[in-house]
Amino acid sequence: MTTPAGSGTGFGSVSWWGLSPAVDLQAESPPVDPDSQADTEHGTPELNVLLLGSVDGRHLLRTLARAALWPRRRFRFYVLENNMEAVARHMLIFCLALEDPEKMGLQERSETFLEVWGNSLLRPPVAAFVRAQAGRLARLVPEPDRLAEQLPWLSLGALKEGREDQVREAAVPAAASPSFCLHAGLAAQFRERDALEAVFRFWAGGEKGPEAFPMSRLWDSRLRHYLGSRYDARRGVSDWDLHMKLHDRGARVIHTSEFRRWRDTGVAFELRDASAYHVPNRTLASGRLLSHRGERVAARGYWGDIVTGPFVAFGIEADDETLLRTSNGQPIKTAGEITQHNVTELFREMAAWGRPRAAQGDPAQVQGDADGSPEPAAPVPESFAVHFLSLGSALTLHHKSCYKGRFQLLYMACGMVHLLSPELGACVAPGGRLIVELAQFLVDLRQEQLQGFSTRVGELAQAAGFAPQPGARRSQTFARFYKAGDSAPSHKDPAVGSGTPPPEVLAPPLEASNPPPEDLTQPLEGGTLPSEPLKRPSESQASLLEALVPPTGSQTPKPESLTVPPETNSPIPNF
């Protein structure tokens with residue numbers, strides 16, 4: 001068996017890192033209008049951003065790190081993902097970025113971030129940090145008051161409740177049918193806050209032993225299933241994808257050795273000796289429903305990217321141009337080295353977040369206002385908030401008056417483009433901006449499919465009431481639009497092409513006859529299975545190509561993957 005080229009199966013059904021460089025969202029947003037955007041309570045302009053599928057928080061972190069370069073502004077980030085594991089990773093990454101510098105030094109924070117974010121295997125000290133933070137977050141999620149006190153920047157108010165709602169859900173009519181009772185019980189059991197808490201408890205070591213998540217075996221199984229008969233020639237396939245695709249598309253700094261290592265083992269950033277990485281990174285685990293021997297099984301596995309890698313987000317661009325220099329036609333720095341530099345500088349800027357300039361030991365930088373009080377070097381923590389929205393709520397946000405016309409900027413990842421609709425466009429203020437991540441660095445797509453994807457993005461944006469942004473620089477990575485008054489523009493963006501995408505772009509081939517290998521997953525025991533149709537990984541993933549097919553009628557797209565609370569009372573047996 002050989003996976004068809006262009007099927008998109010290597011991208012997986014769950015995204016753990018972005019396929020585009022981190023951007024400063026302030027630079028993408030409309031200019032500040034003091035008359036309309038000022039916060040009446042604090043007298044500071046607000047920036048409200050809605051992000052769909054940003055997955056790793058890179059855009060938020062870069063925006064906060066560069067806030068001191070812009071006029072003072074209050075940030076409100078509204079994040080919508082398609083699985084609770086991505087929400088949990090957001091929270092963990094922000095806790096790490098905002099860690100007290102006196103407790104964790106800059107280098108240690110940077111290295112910990114790189115390993116947790118992009119490695120399949122961790123060093124024992126990093127794994128211990130994840131367990132400790134996950135245990136803390138698992139205790140905070142069910143207690144909103146303590147959560148607000150310790151993490152004032154975080155808001156989970158839009159997530160569906162669990163325990164408090166179970167009483168109301170359980171109060172079904174006495175004559176209710178068994179199926180009604182089962183549906184009500186499942187709805188209560190899989191509430192999002194309970195699922196989020198369960199994810200953290202799994203990370204914290206709720207299931208002991210490496211067999212709870214045998215990452216190395218799961219990674220190899222994904223590779224075997226993806227490559228099929230090409231598995232024995234996987235190094236040649238890796239080199240072809242790197243040199244003939246990623247390099248040609250602008251990622252020339254990715255070195256052959258680091259890309260091969262990641263393709264073989266899932267370890268992208270080897271900051272220590274290779275033997276130090278042996279603890280499975282549980283933050284890359286997610287739950288799915290699969291069919292196993294004719295039965296419905298809730299399973300845990302690795303369903304993420306195995307073809308592109310985490311090098312694009314921080315590793316192919318740099319503010320310091322010297323990092324991108326070449327010698328004899330070859331880059332002098334690898335993507336891993338550039339990533340480490342960029343993340344270290346980002347955390348260095350984040351370390352000053354909320355501290356007055358006087359506290360940084362440079363009296364010359366202290367600027368007093370009218371009464372002589374020091375002005376902060378960057379907005380204080382209360383000046384930004386991250387609101388996590390309920391899964392699958394993209395097409396219902398416009399029903400709430402608080403979201404209609406609220407956002408000055410809408411960001412959409414390439415895997416969420418199918419959610420771009422007039423209803424979602426109604427949540428963007430007139431004159432607001434839309435930035436869409438394109439599929440430039442998805443190696444499974446051919447050039448004509450990339451062009452078809454860009455064309456479809458332009459069509460969906462136009463249907464949602466957006467027009468190409470005048471003066472926007474041409475980019476193969478992002479498509480930029482703006483909200484045009486009360487009517488949708490009729491012209492198309494030449495940067496995203498024109499015409500109708502080829503049929504194979506909208507409906508890629510699927511290998512329905514090939515079931516997943518038995519060792520791809522880990523069953524979850526002790527829980528009631530959700531009453532949803534069972535799907536194979538290649539059928540249930542919302543690949544970039546499938547995402548281009550707009551929903552018909554009133555059909556609402558489902559999340560890309562189903563979050564199954566990964567708690568059990570005993571170690572998970574293998575299939």
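1. A pocket here is an open set of points on a 1 Å grid over the protein atoms alone, with protein on both sides within 12 Å along at least five of seven lines, and a lining residue has an atom within 4 Å of a point. A cavity is a set of points where a 1.4 Å probe fits but cannot get out. The model is predicted: local features need pLDDT of at least 70, side-chain atom pairs count only at pLDDT 80 or more, and totals for chains, interfaces and linings use all residues. Residues are numbered from 1 along each chain as its sequence is written, and side-chain values use heavy atoms, with hydrogens and water left out.

2. Start with the second largest pocket. Its lining has 38 residues, and Ala 22, Val 23, Arg 62, Glu 317 and Asp 319 lie nearest the centre. The pocket volume is about 830 Å³; a volume is the space filled by probe spheres set on the points, with grid points joined across faces, edges and corners. By class, the lining holds 15 nonpolar, nine polar and 14 charged residues. Here Ala, Val, Leu, Ile, Met, Phe, Trp, Tyr, Cys and Pro count as nonpolar, Asp, Glu, Lys and Arg as charged, and the others, Gly among them, as polar.

3. Which elements build that lining? At least two residues each come from α1 (25–28), α3, α14 (311–315), α15 (335–351) and β14 (478–483). Helix α15 gives the largest share, five residues. Helices (H or I, at least four residues) and strands (E, at least two) are DSSP runs, numbered from the N terminus.

4. Now the chain as a whole. It has 19 helices and 15 strands. Of its 575 residues, 56% are buried. Buried means under 20% relative accessible area, exposed over 50%, and partly exposed in between (1.4 Å probe, protein chains only). Among contacts with a separation of 6 or more, 80% join residues 24 or more positions apart; a contact means heavy atoms within 4.5 Å.

5. Met 350 sits in helix α15. It is buried, at a relative accessible area of 3%. Met 350 touches Leu 61, Leu 64, Ala 65, Ala 97 and Leu 98, leaving aside residues up to four places away in sequence. Met 350 and Pro 101 are 249 residues apart in sequence, yet 10.0 Å apart in space, C-alpha to C-alpha.

6. The largest nonpolar core has 109 residues, and Met 91, Leu 196, Phe 200 and Tyr 302 have the most contacts inside it. Helix α4 (residues 84–97) gives the most to this core, ten residues. A nonpolar core is a set of buried Ala, Val, Leu, Ile, Met, Phe, Trp, Tyr and Cys residues joined through side-chain atoms within 4.5 Å. Phe 200 touches Ala 88, Met 91, Ala 134, Leu 137, Ala 138 and Val 141, not counting residues up to four places away in sequence.

7. The structure holds 20 aromatic pairs. The ring centres of Phe 113 and Trp 117 are 5.4 Å apart with planes at 15°, so this pair is stacked. Rings of Phe, Tyr and Trp (its six-membered ring) pair if their centres lie within 6.5 Å; planes under 30 degrees apart count as stacked, over 60 as edge-to-face and the rest as tilted. Both residues lie in helix α5 (residues 106–118), four residues apart, about one turn of the helix. Phe 113 is buried at 2% relative accessibility, and Trp 117 is buried at 0%. Tyr 403 and Phe 407 also form a stacked pair, 6.2 Å centre to centre with 15° between the planes. Tyr 403 and Phe 407 are both buried.

8. One aromatic cluster includes Phe 113 and Trp 117. Among its other members are Trp 17, Trp 219, Tyr 302, Phe 314 and Phe 347.

9. How many cavities of 30 Å³ or more are there? The count is six.

10. Check two backbone angles. Val 55 has phi near 55°, a positive value in a residue other than glycine. Val 55 lies in the loop between β1 (46–52) and α3 (58–65). Is Val 55 buried or exposed? At 7% relative accessibility, Val 55 counts as buried. Arg 293 has phi near 55° too, again positive in a residue other than glycine. Arg 293 is in the loop between β6 (286–292) and β7 (295–301), and at 67% relative accessibility it counts as exposed.
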